[in-house]
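Q: Could you walk me through reading a few features of this model?
A: Gladly; let us look at it together.

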Amino acid sequence: MLADHPLETVLLVTDLDAAHRFYHQQLGLPILERDEHRLVVASADTKLTLSLSTVGTADAQTQAFWRVTDLDAELEELRERGVVIDEFDQDGLITTNGIADVGFALAAWITDPFGNILGLLQHIPARG
């Protein structure tokens, strides 16, 4: 059954060198593979494939997210690496210092150089 096997994410990019700089140098993800068509990076026990595309991503929604235990610490490290944390104040989604309370989690977003929106979620224990 499919539920017994790992699931990997593929994001579209238009420049593998820029993808390497962002995902490896700025986000700190180790490179597993690279060829003329793709770059594969690791995050814990998962893989993210960045596939070369002529058009990139045209969708403005979260494409992938990390489950983190300390959102503030993760954002601090990303900022130190030069990553811009997205800010929102629209359609009921409001961030303060890059963080939104979405009910079940604290959330933050970053956007890669190709328009892929990546989220970070820190689960909030059930509220009584």
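Q: Which residues form a negative surface patch?
A: First, the basis: this is a predicted model, where local features need pLDDT of at least 70, side-chain atom pairs count only at pLDDT 80 or more, and totals for chains, interfaces and linings use all residues. Residues are numbered from 1 along each chain as its sequence is written, and side-chain values use heavy atoms, leaving out hydrogens and water. A patch takes residues with over 30% relative accessible area and no salt bridge, joining like charges within 9 Å; a salt bridge is a side-chain nitrogen of Lys or Arg within 4 Å of a carboxyl oxygen of Asp or Glu. Here Asp-70, Asp-72, Glu-74, Glu-76 and Glu-80 form the negative patch.

Q: Where is Asp-72 found, and is Asp-72 buried or exposed?
A: Exposed means over 50% relative accessible area, buried under 20%, with a 1.4 Å probe and protein chains only. Asp-72 belongs to helix α2, residues 71-80 (a DSSP run of H or I, at least four residues; strands are E, at least two). Asp-72 counts as exposed because its relative accessibility is 53%.

Q: In what order do the 4 strands form the open sheet?
A: Strands pair if DSSP finds at least two bridges between them. The order is β5-β10-β9-β8, with mixed pairing. β5 (62-67) and β8 (100-101) each have a single partner strand, so one side of each lacks a neighbour in the sheet.

Q: Which residue other than glycine has a positive phi near 55°?
A: Most residues other than glycine have a negative phi. Ala-44 has a positive one, near 55°, and sits in the loop between β3 (38-43) and β4 (46-52).

Methods. Patches are made of residues with over 30% relative accessible area and no salt bridge: like charges are joined within 9 Å, nonpolar side chains (Val, Leu, Ile, Met, Phe, Trp, Tyr) within 5 Å. Accessible areas come from the Shrake-Rupley method with a 1.4 Å probe; for residues, only the protein chains shown count as cover. Lys and Arg count as positive and Asp and Glu as negative; His and the chain ends are not counted. The place of a charge is taken as NZ of Lys, CZ of Arg, CG of Asp or CD of Glu.
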